[in-house]
Amino acid sequence: MAPLAAACAASEGDAEAADRSRATVNGSGTLEGSLHVLVAASLLPVTEVIAASFERQHPAVEVQVSAAGSSTLREQVLAGAPADIFIPADPSHLQAVRQEIGISGEPVVVARNSLVLAVPAGNDARVSVLADLARPELLIGLCAPEVPCGALARSGLAQAGIEPVPDTDEPNARALTTKLAAGELDAAVVYATDAAPDTSASPHGGAIVSLGWTAGTAPQASYAAAVLADAPNRPAAGTFVAFLQTDAVRGIFADYGFATP
Amino acid sequence: MTDAPTANARNGNSGARRTARDLPPWPVALLACIGVVLFALPLVGLVARAPWTGLWTHLSSRFVVDAAVLSVVSSIAAAAVAALVGVPLAWVLARVSFPGRSAIRALVTLPMVLPPVVGGAALLFALGRRGVVGGPLHDATGLLLPYSIWGVILANAFVATPLVILTVEGALRNLDRRYELAAATLGASRLRVLWRVTLPMIGPALGVAVVVAWARALGEFGATVTFAGSLGGRTQTLPLAVFVALESNRDAAVAISLVLVALSLGLLIALRDRWWPSR
């Protein structure tokens with residue numbers, strides 16, 4: 001069903017898109033031009049791999065990936081940043097975009113992530129449970145409430161009855177993992193994909209260790225891909241969103257620790 | 001444009017009547033106008049989006065006041081640090097000839113061209129809890145610079161000091177050294193010459209340097225957020241508050257931005273009238 005929706009998204013308004021598009025489908029039906037994809041910061045490493053894979057299938061398309069906090073990207077889109085696809089870490093960030101810019105077709109959830117309590121390798125502060133985030137003597141980091149990882153972490157902690165005492169509210173997930181990986185924080189709530197249960201398998205070279213979510217169900221982030229109504233390269237955008245739902249890409253998401261629908 | 005000389009003569013604000021030679025060739029005038037538009041447009045955007053009716057409500061909200069207090073305190077402290085470190089450095093660079101002087105000058109002015117985020121990260125790796133210097137320092141004294149106002153001040157001083165160094169070094173090089181020599185031959189010690197002759201003579205340049213450094217510190221974002229983090233009431237300065245508010249409370253963000261613009265613009269106009277030759 002989802003690929004169908006993406007296919008519809010691609011066909012809807014193709015005629016007018018082709019007129020003003022910087023990219024076109026040439027005679028043999030191959031895609032061309034550049035494709036600008038805005039992704040939540042937590043999605044950057046996996047999206048770069050997916051983009052490379054897409055470019056191998058469509059050599060005439062150049063995929064440009066920009067990553068930042070979902071709320072930062074939302075504002076960029078609202079301000080008219082030229083982009084084809086927007087994939088925030090929380091579908092709520094698509095609401096204003098849908099109203100002010102317009103979305104072609106329906107957004108499709110392409111991956112999910114969960115939040116975990118994480119510590120730097122070594123865990124010098126002996127952090128073990130989420131309740132440790134309320135210990136004032138520790139250096140605690142969260143994402144800012146404006147970005148999904150911060151909003152989800154706060155609501156999850158509130159549900160568990162924990163009042164965290166952060167020393168910093170980082171503007172996005174990557175800024176937070178950077179400080180955690182450097183050992184400049186004792187504990188933080190990060191995405192599961194940025195930490196690993198053991199010290200070998202994390203994208204940060206084992207610098208961040210996951211302790212899981214120790215109180216009930218972990219908060220979930222959903223990454224929904226939306227093709228913007230004014231996407232300069234609508235044909236490639238629709239194809240890319242469909243590509244995100246193929247088994248091959250699901251495998252890539254899984255390799256990076258994401259769940260797929 | 002073309003009636004400028006007559007208007008000028010009518011106002012009589014300069015002794016000599018301007019001649020056609022003072023008029024810019026048209027490409028110069030055109031590019032200059034484009035330049036003005038380039039700098040004026042963002043201000044127009046800001047003013048157009050300003051929530052004029054609720055301006056005071058936004059500016060008196062808790063997070064804005066907290067950020068303003070922190071910004072004022074940390075930027076003044078950073079300007080003081082910049083003067084304290086920058087003036088001696090400028091003196092050494094201007095007066096002492098030693099091997100590697102150009103390298104040292106490049107090193108201490110590097111933060112001017114370095115992306116601030118890179119500077120912040122470098123500070124973190126040097127002075128953070130696990131940093132090369134910060135690690136032993138923390139183990140020995142328990143002192144922790146990131147996540148505190150000290151981290152904010154250090155990050156601000158890091159980017160602001162080069163402005164003091166460059167301005168003061170330039171002033172020292174242009175100084176007429178006969179006054180210093182005269183003071184020295186009259187028996188003044190070198191420190192006394194510096195304090196009573198050199199510093200008063202470069203006073204105006206020093207003033208400009210410190211104020212510009214202060215303004216730079218007030219607007220600092222990248223190094224601060226990377227080194228000191230961002231927490232309301234502790235390390236969230238006005239620029240960080242703008243960044244956060246842009247995504248949650250745009251009216252407040254625009255209100256803060258207006259204040260920062262007004263402050264900086266007023267400062268630059270005041271500087272121009274006081275210290276920069278207006279000819």
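Student: What makes β1 and β2 of chain A a pair of strands?

Tutor: Strands (DSSP E runs of at least two residues, numbered from the N terminus) pair if DSSP finds at least two bridges between them. Strand β1 (residues 33-40) and strand β2 (residues 61-68) of chain A are joined by 8 bridges, and they run parallel, so they count as paired. One example is A:Leu38, whose bridge partner in β2(A) is A:Ser66.

This is a predicted model, where local features need pLDDT of at least 70, side-chain atom pairs count only at pLDDT 80 or more, and totals for chains, interfaces and linings use all residues. Residues are numbered from 1 along each chain as its sequence is written, while chains are lettered from A and ligands numbered from 1 in the order in which they are written.

Student: How do you know which residues of chain A are in contact with chain B?

Tutor: Two residues are in contact if their C-beta atoms, placed from the backbone, lie within 7 Å. By that rule, 15 residues of chain A are in contact with 17 residues of chain B. On chain A's side, α4 and β6 (168-170) each supply at least two residues.

Key: Helix = DSSP H or I, 4+ residues; strand = E, 2+ residues; numbered from the N terminus.
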